[in-house]
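Hello,

Here is the structure I promised to pass on. Please open it, then read the notes below.

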Amino acid sequence: MTNQQIKLIQQSWQQVKPIAKQAGQLFYERLFTAAPGIRHLFKEKNDEQANKLMMMLGYVVSKLNHLDELTSSLHQLGVRHNKYGAKPEHYDLVGQCLIATLKDGLGDKWDDELQNAWITAFTLLKTTMVEAQQSQVEVAP
């Protein structure tokens, strides 16, 4: 990620924070509409799950300048997602729903440069978590 992409993401996140609850709920509405078959993977109520998502995204955004710390945390999160039943193919849909939610929430502040920055960040997140999941599967008996 470039410094400019990090800056754009961090600035846009400041605009998302005041509407984080609604954004999280909208994200899960989109996700479960697009893939109702994965609803069973989420044990928490929608609002609780939305809060967790937004807290994690806030953490990710805050650590973009410290990729070593972020990568370690994402690795641990990826390993935990094995326990939840998440599959690597779920991440692309999650990314699409996240980007659509951010685009709606940021409205006219959203542009191609910001979209590319968020896609780059999500790709980092996805790649790290999927690699962690797969490394655990490969070493399992």
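What volume does the largest pocket have? About 690 Å³. Bear in mind that this is a predicted model.

**The pocket**

The lining of the largest pocket counts 25 residues. Closest to the centre are Tyr28, Phe42, Gln49, Leu53 and His81. H3 provides the largest share, with 5 residues. Sorted by class, the lining holds 18 nonpolar residues, 3 polar and 4 charged.

**Helix H4**

Next, one of the helices in that list. H4 has 18 residues. From its first C-alpha to its last, H4 reaches 25 Å. That is close to the 26 Å expected at 1.5 Å a residue.

Which residues of H4 are buried? They are Leu70, Leu74, Leu77 and Gly78. These four lie on the same side of H4, because they cover an arc of only 110° around the axis. An α-helix has 3.6 residues a turn, so residues three or four places apart point the same way.

The other side of H4 has exposed residues: Asp68 and Lys83.

What follows H4? Glycine 85 does, and its phi is positive, near 95°.

**Where to look**

Start with the residues closest to the pocket centre, among them Tyr28 and His81. Then turn to H4 and find its buried residues, including Leu74 and Leu77. Finish at glycine 85, after the helix.

Best wishes

Key
Residues numbered from 1 in each chain as written. Predicted model: local features only at pLDDT ≥ 70, side-chain atom pairs only at ≥ 80, totals over all residues. Heavy atoms only, no water. 1 Å grid on protein atoms, 1.4 Å probe; cavity = no way out; pocket = protein on both sides within 12 Å on 5 of 7 lines; lining within 4 Å. Points joined across faces, edges and corners; volume = space filled by probe spheres on them. Helix = DSSP H or I, 4+ residues; strand = E, 2+ residues; numbered from the N terminus. Nonpolar A, V, L, I, M, F, W, Y, C, P; charged D, E, K, R; others polar. Expected span 1.5 Å × (residues − 1). Buried < 20%, exposed > 50% of the residue type's maximum accessible area, 1.4 Å probe, protein only. Arc of directions from axis to C-beta.
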